[in-house]
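Please read this report alongside the coordinates.

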Amino acid sequence: MNKIIYLFLLCLFISCKDSESDSTYQNTDDSSYHESDDETDYEEDEDDYEQGIEDGDYWASVDYYNPETGYSATYTLEVEVYDNEITTIYFPNDGYLDDSHIYAEELDDDGYAFIQGNDGRTFEVQLDK
């Protein structure tokens, strides 16, 4: 009887060792770690490419249109760019429109953005180059 128990324990021990080595083998063979490194490099490259216009203040031609009154005009105004989006439009009388008045829009490669105000007015912004 002791021999049977001994053989059983020996088989159990050997099977546990085989499971550990299979598990270790699977972990070392798993290339997902290397793939994630490659993905990170790709994402960083993609972020560098998508930066667009540098953050800061720029002069721009702004075509304004108010659909309620039908009034339209073109102005040269200073605008703020943050994260490749127009975030603020400044007026000469110290007034401005920011995220409480307009919805930030991403600039295209040519420095153009179509912005809608929360009251229906629109602003076509073209950065001066």
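## Val79 and its contacts

Val79 touches Gly56, Asp57, Tyr58, Ala60, Val62, Ile86, Thr88, Ile89, Tyr90, Val125 and Leu127, with neighbours up to four places away in sequence left out. Contact here means heavy atoms within 4.5 Å. Val79 belongs to strand β2. Its relative accessible area is 0%, so Val79 is buried. Buried means under 20% relative accessible area, exposed means over 50%, and partly exposed lies in between (1.4 Å probe, protein chains only). One of the contact partners is Ile89. Val79 and Ile89 are 10 residues apart along the chain, and their C-alpha atoms are 4.5 Å apart.

## Basis of the model

This is a predicted model, in which local features need pLDDT of at least 70, side-chain atom pairs count only at pLDDT 80 or more, and totals for chains, interfaces and linings use all residues. Residues are numbered from 1 along each chain as its sequence is written, and side-chain values use heavy atoms, with hydrogens and water left out.

## Chain layout

The chain holds 2 helices and 7 strands. Their order from the N terminus is α-α-β-β-β-β-β-β-β. Both kinds of element are DSSP runs, numbered from the N terminus: helices are H or I with at least four residues, strands are E with at least two.

The chain has 129 residues, and 20% of them are buried. Take the contacts between residues at least 6 apart in sequence: 33% of these join residues at least 24 apart. The chain exposes about 10000 Å², and carbon and sulfur atoms supply 49% of that area. Accessible areas come from the Shrake-Rupley method with a 1.4 Å probe; for residues, only the protein chains shown count as cover.

Thr87 sits in strand β3, residues 85-90. Its relative accessibility is 18%, so Thr87 counts as buried. Beyond its neighbours within four places in sequence, Thr87 is in contact with Glu80, Tyr82, Leu97, Asp98, Asp99, Ile102 and Ala104.

Which residues other than glycine have a positive phi? Asn84 has a phi near 65 degrees. Asn84 lies in the loop between β2 (71-82) and β3. Asn84 is buried, at 6% relative accessibility. Asp94 has a phi of about 70 degrees. This residue is placed in the loop between β3 and β4 (96-97). Asp94 is exposed, with a relative accessible area of 72%.

## Two tyrosines

Tyr103 is in the loop between β4 and β5. Tyr103 is partly exposed, at a relative accessible area of 47%. Setting aside neighbours within four places in sequence, Tyr103 touches Ile115, Gln116, Gly117 and Asn118. Glu85 is 18 residues away from Tyr103 along the chain, and the C-alpha atoms of the two are separated by 9.7 Å.

Tyr112 is part of strand β6, residues 112-116. Its relative accessible area is 26%, so Tyr112 is partly exposed. What does Tyr112 touch, not counting residues up to four places away in sequence? The partners are Glu106, Leu107, Glu124, Val125 and Gln126. Tyr112 and Glu124 are 12 residues apart in sequence, with a C-alpha to C-alpha distance of 7.4 Å.

## Charges

A patch of negative charge on the surface gathers Glu54, Asp55, Asp83, Glu105, Glu106, Asp108, Asp109 and Asp110. Patches are made of residues with over 30% relative accessible area and no salt bridge; like charges are joined within 9 Å, nonpolar side chains (Val, Leu, Ile, Met, Phe, Trp, Tyr) within 5 Å. Lys and Arg count as positive and Asp and Glu as negative, while His and the chain ends are not counted. The place of a charge is taken as NZ of Lys, CZ of Arg, CG of Asp or CD of Glu. Glu106, in the patch, is located in strand β5, residues 105-106. Glu106 is exposed, at 53% relative accessible area.

How many salt bridges does the structure hold? There is 1 salt bridge. A salt bridge is a side-chain nitrogen of Lys or Arg within 4 Å of a carboxyl oxygen of Asp or Glu. The side chains of Asp119 and Arg121 form a salt bridge, at 2.8 Å from N to O. Asp119 is partly exposed, with 39% relative accessibility.
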